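Work through the exercises below with the model in view. Try each task before reading its solution.

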Amino acid sequence: MAEHDSDREDREPDEKKVPFDEEAAWQAIVAGYGEEPADPPGAKPFKPVEDLALSEQDPPGEGADGSGEPRPLGSSVSFAPGIGPRDYTTPEPSEDDFDEDDEGHFVPPEPPPLPTADTTARFAWLGVVGGPLLLLLAVLLGWEMTWWLTTLGIGGFLGGFVTLVARMRTDDDDDVDPGSGAVV
């Protein structure tokens with residue numbers, strides 16, 4: 001749809017072919033610098049920092065006791081060092097706290113021991129981890145990359161990786177066809 005000049009009355013000055021006076025705009029900004037605009041009608045002015053702790057009933061400059069001393073800023077609750085709401089500890093539970101329905105505290109059973117790795121798996125892991133570490137150490141210490149050092153690093157990694165993948169357990173321990181239905 002085409003746009004006509006009569007459709008838009010609120011055009012920017014450069015769209016109305018009126019030159020923009022940048023110097024006058026900067027002078028207006030500089031002239032208004034530092035002046036605080038007046039509050040809108042009905043707005044409640046902010047309290048000065050010294051009177052922030054005063055309630056709405058207290059006149060500015062007077063404390064709650066009327067002595068003329070301003071009250072200190074902050075909350076009315078203060079805690080001594082080392083004492084506070086986060087320092088609360090719950091009392092230890094006793095057997096009297098439980099009903100006959102309660103079973104007491106849950107004590108998890110001891111976990112089973114970790115399986116011991118055989119010698120082949122240990123050497124495979126040594127190759128997977130040790131091969132790249134050997135190459136990294138050679139680069140960091142500036143060793144000459146000889147054929148045997150490179151072969152040991154890369155070959156150790158590849159050999160260990162292939163060994164670990166080949167020895168992985170499969171889920172085909174049950175030679176039962178899963179589509180055969182229920183087995184009774």
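**Exercise 1.** Classify phenylalanine 161 as buried, partly exposed or exposed.

Solution. Take the relative accessible area of phenylalanine 161: 47%. Apply the cut-offs: buried is under 20%, exposed is over 50%, and partly exposed lies in between (1.4 Å probe, protein chains only). Phenylalanine 161 is therefore partly exposed. Phenylalanine 157, at 32%, is partly exposed too.

The model is predicted: local features need pLDDT of at least 70, side-chain atom pairs need 80 or more, and totals for chains, interfaces and linings use all residues. Residues are numbered from 1 along each chain as its sequence is written, and side-chain values use heavy atoms, leaving out hydrogens and water.

**Exercise 2.** Find why the rings of phenylalanine 157 and phenylalanine 161 count as stacked.

Solution. Rings of Phe, Tyr and Trp (its six-membered ring) pair if their centres lie within 6.5 Å; planes under 30 degrees apart are stacked, over 60 edge-to-face, the rest tilted. Here the centres are 6.3 Å apart and the planes are at 15 degrees, so the pair is stacked. Next, place the residues: they sit four apart in helix H3, about one helical turn. Helices are DSSP runs (H or I, at least four residues), numbered from the N terminus.

**Exercise 3.** Locate the salt bridge and its two partners.

Solution. Search for a side-chain nitrogen of Lys or Arg within 4 Å of a carboxyl oxygen of Asp or Glu. Aspartate 118 and arginine 167 form a salt bridge, at 2.4 Å from N to O. Aspartate 118 lies in the loop between H1 and H2, and arginine 167 in the segment after H3, 49 residues apart.

How values were computed:
Helices (H or I, at least four residues) and strands (E, at least two) are DSSP runs, numbered from the N terminus.
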